[in-house]
Structure formats: C-alpha cells, structure tokens
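Reader: Hello! Could you give me a close look at the aromatic rings here, and then tell me what surrounds that story elsewhere in the chain?

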Amino acid sequence: PRPGSPLVWFHAVSLGEGMAALPVVFHCARLHPGLPILLTTTTLSAFKVIKDLLPDVVIYQFAPLDCPDAIESFIGYWKPSLILLMESELWPNLIMSAAEKGIAVALLNARMSLKSLNRWSVPLGLPLVSLMLSKLSLVIPLSTIQAVRFQLLHTPPNKIHFAGDLKYAVGDVEVREKELNTIKDLQRQFNDRPIWMAASVHRGEEEVILRVHGELIKAYPSLLLILVPRHPQDIKNVSLALKKHKVNFVLRSTMELVSINTRVYVVDTLGELRMLYRVTPIAVVGGSFLPSLSGHNFSEAAAAGCAVLTGPHVGHFYHMLVEMWQINPLAVKQLTGEAELLEVLKELLGDSKALEARQGAAKDAFSIMSHGVVNRVWNLVSSGFLQGLPQYVWRPSLESRRSQEFLRTTCFAVFI
C-alpha cells in the first residue's frame with residue numbers, strides 16, 4: 001500500500017474462522033474499493049482453501065508469531081489503521097502493541113471457552129487478561145453467554161455490542177461457476193441414487209458412520225455415502241476402516257467415476273464442503289459423536305437446504321442450535337448417539353415428506369438468522385473506527401508501560 005494510506009487487517013486462525021471472516025472481507029472490499037485489505041491466517045489448511053476465494057484487492061499472508069520482535073516488525077511494515085480479530089484470537093503482544101500505537105482492535109464473533117474462562121479467572125491470570133481486554137475497542141460476542149464471560153474477565157461493558165453470528169454468513173457466499181459445474185458433474189455420477197453425507201468426520205467417528213451405513217444398505221441397496229474427513233491426514237485411517245468393512249469406495253482426489261457398485265465416496269480434498277452440501281439431501285455434521293469433540297458449523301448445510309443432523313457434543317455451537325430451534329424445531333436434529341442416528345436416517349430416507357419438512361425448516365432458519373448479520377457487524381466497525389480513528393488513540397502512562405512490559409513477559413507463558 002502507498003505510504004500513509006489506511007489499511008484494514010483481518011486475522012483468523014484456521015479455516016473455519018477464516019471462512020467466517022470472508023463475508024466481512026468481501027463487504028469491506030465492496031464498500032471501500034480503494035481501501036487496502038490484509039488478511040492473515042495461521043494454518044496451512046486455511047491458506048490452501050482461502051487463497052483461491054479472495055478478490056484481487058486483498059493481500060493474503062501468514063500471521064506472525066506473537067512475540068514482541070515479530071509483532072513490532074509486522075505492524076511496523078503494514079501500519080494498519082484497524083485490526084479485526086476473529087473469535088478467540090487474543091494475543092497479548094499484538095493487542096498491546098496495537099494499543100500503544102493508537103491502532104483500534106476489534107474482536108468479531110468473540111468467544112471464550114469455559115476452559116479459558118476458568119484458566120484466566122485465577123489470581124495470576126485475571127489482572128493480565130483484564131489489562132489486555134481493556135485495550136480492545138470493540139467486542140462483538142457470539143451469544144449472551146459469551147458476552148457474560150467477557151464481562152467476568154472485566155471487559156468494559158460499553159465495548160460489547162451484539163450483531164449476530166458471522167458463521168451464518170458463511171453459507172451465504174455465492175457458489176462460483178466452477179463449483180456449479182462440479183455440482184452438475186457429481187449429480188450425473190450419482191444418477192438419482194439415495195444419498196446421505198457425513199461431513200467433518202473426526203478420527204474414531206468413521207467407525208460410527210460406517211456401521212450405520214452398513215445397516216442402511218440392507219434396506220436401501222443403492223444407497224451412497226459421501227464421507228468427508230475433517231483432516232486430510234485421517235484419510236489413511238478412513239481407507240483402512242473401509243477395507244476392514246469390505247466397502248467399495250472411491251477417493252475424490254483420484255477423479256475416478258462413481259459406479260453403481262460404489263458404496264462410499266470419500267472426499268480427501270480441501271475446501272469443497274460448501275459445494276458438496278448442494279448435492280446431498282441429508283447432512284450429518286461430525287465432530288460431535290465422541291465426548292472429546294465439540295461440534296462444527298452446521299449453518300452451511302442449512303443454507304444448502306439439507307436436512308441437518310448433529311451428534312450430542314456440539315460445544316460452543318450449542319447457541320446456534322438453540323437459535324435455529326427457536327425459529328423451527330425441525331431445523332436441526334441433535335442425536336443422542338449411533339442408535340438414534342440410524343433410526344432418524346431410516347425415517348428420512350423412507351419418508352419424503354419428513355425429509356422435505358426438515359430441509360425446508362433448515363433453509364428457513366438459516367435465512368432468518370443470516371439476514372443482515374454482515375451489515376450489522378460492519379456498521380459497528382465502520383461507525384466507530386473507519387471514520388473516527390483519532391479518538392481511539394491511546395497514549396500509555398508510565399504505569400501502563402510497566403504493566404504492558406509485565407504482560408508481555410508473563411502473558412505468553414500463561415497462554416502456552
């Protein structure tokens with residue numbers, strides 16, 4: 001960017017948070033076509049997917065490590081006017097360095113896990129996190145529960161504002177022409193067979209899914225399962241499990257065509273989940289069938305008009321579950337475990353009216369929850385910072401500088 005020109009820096013840790021940031025990035029680029037935008041993420045999986053989705057005006061980088069020299073160098077080079085962090089990216093050196101330089105920092109889709117809340121509430125942690133949170137200019141929490149948690153850690157109440165969950169906006173991103181062609185190609189290959197999909201399946205869950213699929217095939221011999229592991233490195237375990245169950249399967253990466261004998265279509269590629277939801281009437285969202293897991297975003301499946309099912313362990317996505325239930329109890333079905341998964345799938349595969357009712361409920365609930373969320377978030381951001389940055393300049397006192405140095409030397413160790 002030209003020296004002296006404003007720049008907005010978005011930062012998200014991984015693929016899920018990065019996808020939630022994209023609608024706001026696009027919105028910012030549309031409203032401010034001349035404004036330089038920097039987006040950073042941390043993980044390789046996020047980089048591989050997001051790099052192909054961004055408009056040309058967005059600069060995409062990996063984020064620096066949260067150590068003083070790296071942060072100072074990074075901020076000194078880019079000189080952002082505003083920093084927008086996603087969800088739980090609370091890094092002390094970044095936040096304190098930005099505050100010292102008068103750069104406003106906002107936390108979008110803010111969340112604090114119960115584990116983090118308990119860790120920060122101890123006598124050593126509370127003063128540190130309170131100081132850091134006091135330097136944030138805006139906190140937009142996911143839910144009322146999240147707002148309460150931030151207030152318990154002494155976030156100033158006047159900095160907390162509600163706008164909705166940006167994860168609802170993820171499913172609202174337009175499908176590109178290339179994806180539309182892929183959808184049509186897959187539909188031709190699937191040839192009107194009965195289909196269900198298990199998405200974001202974690203290690204250990206594939207056994208649950210395959211046992212259920214084995215039972216379903218007895219009633220529906222031509223049934224096809226689209227199996228999408230959460231992590232590509234789990235493909236080996238999934239392949240071994242399929243061979244153990246003597247299941248005929250095809251890997252998406254090989255581009256092998258699906259035949260009438262194919263029982264499982266394994267998606268071992270990245271960034272195609274949103275597209276795949278559009279070729280299946282039923283979506284089971286994984287990461288939710290083992291006690292050690294905490295669910296995944298099911299709004300993308302709802303946006304595509306799938307009948308949405310999820311397991312009992314949904315973590316912070318519970319607030320999304322409740323919000324969609326409040327609109328229509330049929331919008332998402334939370335299952336107690338493997339036995340109920342089999343029972344509900346049998347019902348949906350055998351009863352077209354029940355299937356259509358759940359599909360319609362999911363799509364309607366998504367439409368209502370997603371409406372206007374990006375506008376509301378951006379209005380909070382732009383009204384406070386893009387037109388009035390000087391009023392947020394913070395000049396540290398001697399006491400603040402001492403506290404900051406203590407935070408920088410101590411806070412990182414507490415995070416680790």
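**Aromatic rings and beyond**

Author: Happy to! In this predicted model, F62 has a relative accessibility of 37%, so it counts as partly exposed: a residue is called buried under 20% and exposed over 50%, with partly exposed in between. F47 falls in that middle class as well, with a relative accessible area of 23%.

Searching the whole structure turns up 8 aromatic pairs. One of them joins F47 and F62, whose ring centres are 4.8 Å from each other and whose planes make an angle of 25°. Planes under 30 degrees apart count as stacked, and this pair is therefore stacked. F47 belongs to helix α2 (residues 44-50), while F62 belongs to strand β3 (residues 58-62), so their pairing ties together parts that are 15 residues apart in sequence.

Now for a residue that comes with a database note. UniProt, in an unreviewed entry, lists E17 under "active site". In the model, E17 is part of helix α1 (residues 15-31). Its relative accessibility is 12%, so E17 counts as buried. What is E17 in contact with, leaving aside its neighbours within four places in sequence? The partners are A12, M86, E87 and R111.

On to the cysteines. How many disulfides does the structure hold? The count is 0. C28 has 0% relative accessibility and counts as buried, whereas C67, at 35%, is classed as partly exposed.

Finally, let's turn to the strands. In β7 (residues 195-201), 7 of the 7 residues are buried, so this strand is largely enclosed by the rest of the structure. Strand β7 is joined by 5 bridges to β8 (residues 224-229), and these two strands run parallel. Across that pairing, M197 stands opposite I226 in β8.

Both strands belong to an open sheet of 7 strands with parallel pairing, ordered β9-β10-β8-β7-β11-β12-β13. The edges are β9 (249-251) and β13 (332-334); each has a single partner strand, so one side of each has no neighbour in the sheet. From one strand to the next, the twist averages 20°.

At the β13 end of the order, strand β12 (residues 307-310) is connected to β13 through 3 bridges, again with the strands running parallel. Here V308 is placed opposite V332 in β13. Packing on the sheet is helix α14 (residues 318-327), which touches β12 and β13. The direction of helix α14 makes about 125° with that of β13.

Definitions and conventions. Residues are numbered from 1 along each chain as its sequence is written. This is a predicted model: local features need pLDDT of at least 70, side-chain atom pairs count only at pLDDT 80 or more; totals for chains, interfaces and linings use all residues. Side-chain values use heavy atoms; hydrogens and water are left out. Two strands pair if DSSP finds at least two bridges between them. Helices (H or I, at least four residues) and strands (E, at least two) are DSSP runs, numbered from the N terminus. Axes are lines fitted to C-alpha atoms, for helices over the stretch in contact, and angles run from 0 to 180 degrees between N-to-C directions. Contact means heavy atoms within 4.5 Å. Rings of Phe, Tyr and Trp (its six-membered ring) pair if their centres lie within 6.5 Å; planes under 30 degrees apart count as stacked, over 60 as edge-to-face and the rest as tilted. Buried means under 20% relative accessible area, exposed over 50%, partly exposed in between (1.4 Å probe, protein chains only). UniProt positions are given in the numbering used here, feature names are shortened, and annotations may be inferred rather than shown by experiment. A disulfide is a pair of cysteine sulfur atoms within 2.5 Å.
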